[in-house]
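Open the model and keep the sequence beside it. The text below moves from the whole chain to single side chains.

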Amino acid sequence: MASTELDRTHHEQAPTQAVDPAEEPSVEWGWHGSFPKGIQIAGWFSTFAMVMMLIGNHQGILSGGGEFISADIWLIAIAAVMAVGLLYDLHRRRHSWRR
C-alpha cells in the first residue's frame, strides 16, 4: 500500500518545546517563565504604596479634611482589588496541583 503525505504526518510526534531553541537560546536553560516571588513582592509593595497615598498633601479623611473625597475612595478600592488579586494568585500557586 502506498504511503501518503497524510499518513506520514499522522505518525510524527509533536515538538516538545513550543519555542525553537535556535531562535531563543534561553529556552534550553528555562528562562521562559514568570517570577512568582517578584510578582508578590512588587504587588504588595504597590498595594502598600496605594494605601500610604491616603496620608499626604490633600484634603481627604486621613489628612485632616474631615470627609472622604473621591480620590480616597479610588485609592482604597484599587488597593483592595490589588490585595484580593494577590491573595488569589498566592492561593492558586500554592494549590495548583489540586482540583
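Buried means under 20% relative accessible area, exposed means over 50%, and partly exposed lies in between, with a 1.4 Å probe and protein chains only. By that rule, 15% of the 99 residues of the protein chain count as buried. This is a predicted model, in which local features need pLDDT of at least 70, side-chain atom pairs count only at pLDDT 80 or more, and totals for chains, interfaces and linings use all residues. Residues are numbered from 1 along each chain as its sequence is written, and side-chain values use heavy atoms, without hydrogens and water.

Start with the fold. The protein chain has three helices and zero strands. Helices (H or I, at least four residues) and strands (E, at least two) are DSSP runs, numbered from the N terminus. Read from the N terminus, the order is α-α-α. Contact means heavy atoms within 4.5 Å. Among contacts with a separation of 6 or more, 45% join residues 24 or more positions apart.

Now the surface. The protein chain exposes about 8,500 Å², and carbon and sulfur atoms supply 64% of this area. Accessible areas come from the Shrake-Rupley method with a 1.4 Å probe; for residues, only the protein chains shown count as cover. I55 sits in the loop between α2 (36-52) and α3 (70-94). I55 counts as exposed because its relative accessible area is 56%.

Next, the record. An unreviewed UniProt entry lists residues 41-61 and 73-90 under "transmembrane region". UniProt positions follow the numbering used here, feature names are shortened, and annotations may be inferred rather than shown by experiment. In the model, residues 73-90 are 100% helix and 0% strand. The end C-alpha atoms of that stretch are 26 Å apart.

Which residues does Q40 touch, leaving aside those up to four places away in sequence? They are L86, D89 and L90. Q40 belongs to helix α2. Its relative accessibility is 10%, so Q40 counts as buried. A polar atom of the Q40 side chain lies 3.3 Å from the backbone oxygen of L86.

How many salt bridges does a search of the whole structure find? It finds two. A salt bridge is a side-chain nitrogen of Lys or Arg within 4 Å of a carboxyl oxygen of Asp or Glu. D89 pairs with R92, with the closest N and O atoms 2.8 Å apart. D89 and R92 are three residues apart in helix α3, so about one helical turn separates them. D89 also forms a salt bridge with R93, at 3.1 Å from N to O. R93 and D89 lie four residues apart in helix α3, about one turn of the helix. Through shared partners, the salt bridges join D89, R92 and R93 into one network.

D89 is buried, because its relative accessible area is 10%. R92 counts as partly exposed, at 41% relative accessibility. R93 is partly exposed, with a relative accessible area of 33%.

Notes
Polar contact = N/O pair within 3.5 Å; in protein donor to acceptor, adjacent residues only side chain to side chain.
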